[in-house]
Amino acid sequence: MSARRRRRAAAEQDEEEEEEDEAAEAGSDKEVDLEERLHELDLRNDSDIPDVPPPTDSTPEILKKALSGLSARWKNWWIRGILTLAMISGFFLIIYLGSFMLMLLVLSIQVKCYHEIITIGYRVYHSYDLPWFRSLSWYFLLCVNYFFYGETVADYFATFVQRREQLQFLIRYHRFISFALYLTGFCMFVLSLVKKHYRLQFYMFAWTHVTLLITVTQSHLVIQNLFEGMIWFLVPISSVICNDITAYIFGFFFGRTPLIKLSPKKTWEGFIGGFFSTVVFGFIFSYFLAQYQYFVCPVEYNSETNRFVTECEPSELFQMKKYSVPPLLQAVLGWETVNMYPFQMHSFALSTFASLIGPFGGFFASGFKRAFKIKDFADTIPGHGGIMDRFDCQYLMATFVHVYITSFIRGPNPSKLLKQLLILQPEQQLSVYKTLKSHLVEKGILQPSLRV
Amino acid sequence: LQESESDTKLDGETASDSESKSEFGGSSPVPTSDDTPEVLNRALSNLSSRWKNWWVRGILTLAMITFFFIIIYLGPMVLMTIVMCVQIKCFHEIITIGYNVYHSYDLPWFRTLSWYFLLCVNYFFYGETVTDYFFTLVQREEPLRILSKYHRFISFALYLTGFCMFVLSLVKKHYRLQFYMFGWTHVTLLIIVTQSHLIIHNLFEGMIWFIVPISCVICNDIMAYMFGFFFGRTPLIKLSPKKTWEGFIGGFFSTVLFGLLLSYVMSGYRCFTCPVEFNNDTNSFTVDCEPSELFQLQEYNIPVVLQSVVGWKTVRMYPFQIHSIALSTFASLIGPFGGFFASGFKRAFKIKDFANTIPGHGGIMDRFDCQYLMATFVNVYIASFIRGPNPSKLIQQFLTLRPDQQLHIFNTLKAHLVDRGILGSLEDA
C-alpha cells in the first residue's frame, strides 16, 4: 500500500521536474519546489525505500511434508541442515569431476551473484522498466568477463592458441578489442539517457560497475588460484565455511558477549572459538590434501590429449620436512620434531585471515542488507537465502589468497613470460637472449659450450 | 564545452547581469559564488554582460594554455606532479558533489575514509609504476627493495584496513547513506585514479604521447564550439542542446588536421619523442635516445585520388602522424561521449558545474571530462599497436624463476630465434 503511494508520489515528482525544466522561473513557488526536489534527494532517513516484499517460501514440497510434524524452530534447523549437506556433497562431486567443472561452477556462481545484486538494485530504484538497462548490465558483465578470460585463461591455452590463426589475432589485440567492446556499451549508455530518468540511470550504471568490481574480479582471482593448484582453491574456501560453522556452534553453546552491533547474533566467544578451530582444521585438511598430486599440482592444459592435467613433480612446498618443535610446545605435545608440509605453515596464514578478516565481509553484507532493508539477497537456496548469502565471507578471501600467492609463493608465470618474449621485436629478442644466456652461464645452469 | 554562464546564485535569485539557462530549473542544491578576481571585474565593468563573460573565459583559456606550455618546458617530473594534483582536485570535486547530494557531510569518519582510500589506491599504482620504471634505483636501496617485493601485499593490507574501518564505522541510522558514499567513492576512484595513472604511463612512453592526445581533445572542444557558433543548425543530441552536427563534423576535420601538424612539429625533437628514463648516475630523468622508426621521416606515396588535389606525388611524413590520425579521430568521435556523460551527470544531480575553481569555466572536472576516455584509449593503443612488453621488465621476471623454468624458456626462445633466422646457427655467441 505504502509502496504504491510512494511510487505515485515519485511519478508526480517526475512530472513536476519536467515542468520546472521547461518553464521559466517563477518566484513564489520556488520554495515549495525546492523542498520537494530536495525531499526526493533527501536520503537522511531510510524511510523512503519501500520494504522489499518478503521472499516466497521455495522449500520443496517433499521436505515440507516430511517435516510437517516438527515444531517450526526444529523444522528450520532441519531444512538448513539438509541443504548444507546437499551443498557440501555437490561441492565434493564437482571436485571429483575436475578443474574444468570447477571453473564452470565458479562462473555460474559469479553470474548468479551478479544477477542477485543487480535485481536488488532494480528494486531499490524502481528501475525495472528503464529503457535498455537490463541489456546493458548483462552486456557489461559479458565484456568484463571476456577481458578477464582473455588475460588469464588464454595464457594457459598458449599451445592450443598457437595453432589457430584467428585466435592468434584475438589474443594479440585482446586489450584493444575488450576496450572497444566496453566503449560500445558506454556509448550506448550515454545514448540511452532519458530526460526524466537521468539520476536513476546513473545510479544503476554505478551500481552495475561496483557489482562487477566485486563479483567478477573476485571470481577470476578464484579461478587463477585454482589454476595454481586445487589445494589453493579448496583450503581457503573450506576454512571460511569451517569458520562460519564453528563460530556459530561456539556462539550457540558458549555465546555471551556480543561482537558488533551490526550482527547481534555474533559473539566474541564464537569468534575466538571459531578462530582456533579453523586453524586446527586448516592444518589437518592441508596435511590430508598435500599428499595427492591431484590437488597439489598446477593445472595445465595438455594439447595432445585436449584435457586438463594435474601431474607434476610436487614442489618443495608439498614435500615433508622435519621441523623442530619450539621448546614451549615440546612440553605440551611431547615430541621433539614433527614432520610437516611447508604448506601447512601457509595454511596457518590462510586460516587466520579467514577467521579474523573474513567475517568483515559478512558484516559488510549484513550492513548492506540492513541498508536496503532486505532479509536475504535472494531466495535461491531454501533456508539459506541467495547464493550471495553463502559467499559473502568468501569474497575477501579470494583476493587475499591471490595476493598471498603472488607475493610469497610463486614468481611470474613462465608461460605468460614466454608469450611476451615471443611478441618482442627481433632485435629486442636477440638482446634479451644474450642477457639470459650470460646469466645462465654465470649461474652454471647452462654449460658454456659452442654447440648446445 | 558545456556553456557555463558565469555564476549560479541561490535559488530564487538570478545573477544580476547574466542570463541563466532555465533548463536546470535555475537552482541547485549547491550555491556557487562568483570567483572572478576583482581586478578582472573592474577592467571589464563597462562591457555588456555577454561580452564580459566571453572575455573572462578567453583570458582564462589563454592562461591555462600558457600554464600548460610552461609545465611542458619544465619537464616530466613537474608534469607528473601536475597530473597528480589535477587528479586529487577532481576526486575532491566529485566527492564533494556526493556529500551535497546525500547531505552526508557530517557522517562519521567518512571524509577521512575517502581520502584514505585515495591514498591507498595511489600508493598501489605508484608502486607498480616505480617498480617498472625505476628498477635499478629500487634494487639499490634496501627499504625500497622490500617495499617493492611485497608491494601488492602491502597495498592490499592497507586497503583492507580501510575496508574494516568502514565496516566498523557503520552507524545504525545511516547505513544506506554510508553504503552510497562507499560506492560513490569507489566509482570515483575507478574513474579518476586509474585514468591519471594511465596518463602517467603514456607520459613515460614519450611526452608526445601525452601532449598530442590532450591537445587534440582541447582542439576538438574549441573547434566544435566555433564551427557550431558560426554554422550550427542541426542539434546533435538531446542531452547537450548546444552541440550541433556542423560543429561535430567541423571539429572532427580540424582536429585531424591539427593533429597531423602538431605531430609533425613535435616529432622533430628528441625531448618529446624519447621515452622518459631515469638515469642512475645523475639521479634525474633524461629524455635522450635514438629516435625509433616511428619518428623518422619516410616517403609515402599519395593515393592517386589526392594527387590531383594536393599536386605532389610523394610526401615525407613521420609514421607517427598516421597514428595521430587514429588519436584525433578518437578524440573527435568518442571523446565527446565523455562530455555527454558528464553533462548527463550534472543534469542528474542538478548541478551547473562540478565546482567553481576556474572562473568562467567551472571546476577542473569540467575541463577534463572529455579527456578521461582519451587517456585509456591512448594507453590501450600503445600497448596493442606500438610497443610490446618491456624487455627489462621481462628480464627482471625471468630472474625470479626457478632454474629449470629458466632453462626451458631459454631453450624455447633459442629455438624460436633459430627458426626465424634471427640467430645464425647453433654456434652463435
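Q: Where in chain B does Lys350(B) lie?
A: Lys350(B) sits in the loop between helix 14 (335-348) and helix 15 (364-368) of chain B. Helices here are DSSP runs of H or I with at least four residues, strands are E runs of at least two, and both are numbered from the N terminus. This is a predicted model, in which local features need pLDDT of at least 70, side-chain atom pairs count only at pLDDT 80 or more, and totals for chains, interfaces and linings use all residues. Residues are numbered from 1 along each chain as its sequence is written, chains are lettered from A and ligands numbered from 1 in the order in which they are written, and side-chain values use heavy atoms, with hydrogens and water left out.

Q: Why does Lys350(B) count as buried?
A: Buried means under 20% relative accessible area, exposed means over 50%, and partly exposed is in between (1.4 Å probe, protein chains only). Lys350(B) has 15% relative accessibility, so it counts as buried.

Q: What is the phi of Lys350(B), a residue other than glycine?
A: The phi of Lys350(B) is near 55°, a positive value. Most residues other than glycine have a negative phi.

Q: Why does Lys373(A) count as partly exposed?
A: Its relative accessibility is 30%, so Lys373(A) falls in the partly exposed class. Gln293(A) is also partly exposed, because its relative accessible area is 35%; this residue belongs to helix 13 (residues 293-296) of chain A.

Q: How many disulfides does a search of the whole structure find over all chains?
A: The search finds 0. To count, a pair of cysteine sulfur atoms must be within 2.5 Å.

Q: Why is the sulfur of Cys216(B) too far for a bond with the closest cysteine sulfur?
A: That closest sulfur is in Cys219(B), 6.8 Å away, so the pair is too far apart for a bond. Cys216(B) is also buried, because its relative accessible area is 0%.

Q: What is the closest cysteine sulfur to that of Cys85(B)?
A: It is the sulfur of Cys90(B), and at 11 Å it is too far for a bond. Cys85(B) itself is partly exposed, since its relative accessible area is 45%.

Q: Why is Ser155(B) called buried?
A: Ser155(B) has a relative accessible area of 6%, which means that it is buried. Its place is in helix 7 (residues 151-168) of chain B.

Q: Leaving aside neighbours within four places in sequence, which residues is Ser155(B) in contact with?
A: Tyr123(B) and Phe124(B) are its contacts beyond those neighbours. Contact here means heavy atoms within 4.5 Å.

Q: Which residues of chain B does the UniProt annotation "transmembrane region" cover?
A: The unreviewed UniProt entry gives 109-126, 153-171, 178-200, 206-232, 244-266 and 320-342 of chain B. UniProt positions are given in the numbering used here, feature names are shortened, and annotations may be inferred rather than shown by experiment.

Q: What makes up residues 178-200 of chain B, helix or strand?
A: This span is 100% helix and 0% strand, and its end C-alpha atoms lie 32 Å apart. Residues 109-126 of chain B come to 94% helix and 0% strand, with 26 Å between the end C-alpha atoms. Overall, chain B has 18 helices and 6 strands.

Q: Which element of chain A has the lowest mean pLDDT, and which the highest?
A: Helix 2 (residues 30-41) of chain A is lowest at 40, whereas helix 12 (residues 268-289) of chain A is highest at 91. Over residues 5-56 of chain A the pLDDT is below 50.

Definitions and conventions. pLDDT = per-residue confidence, 0-100.
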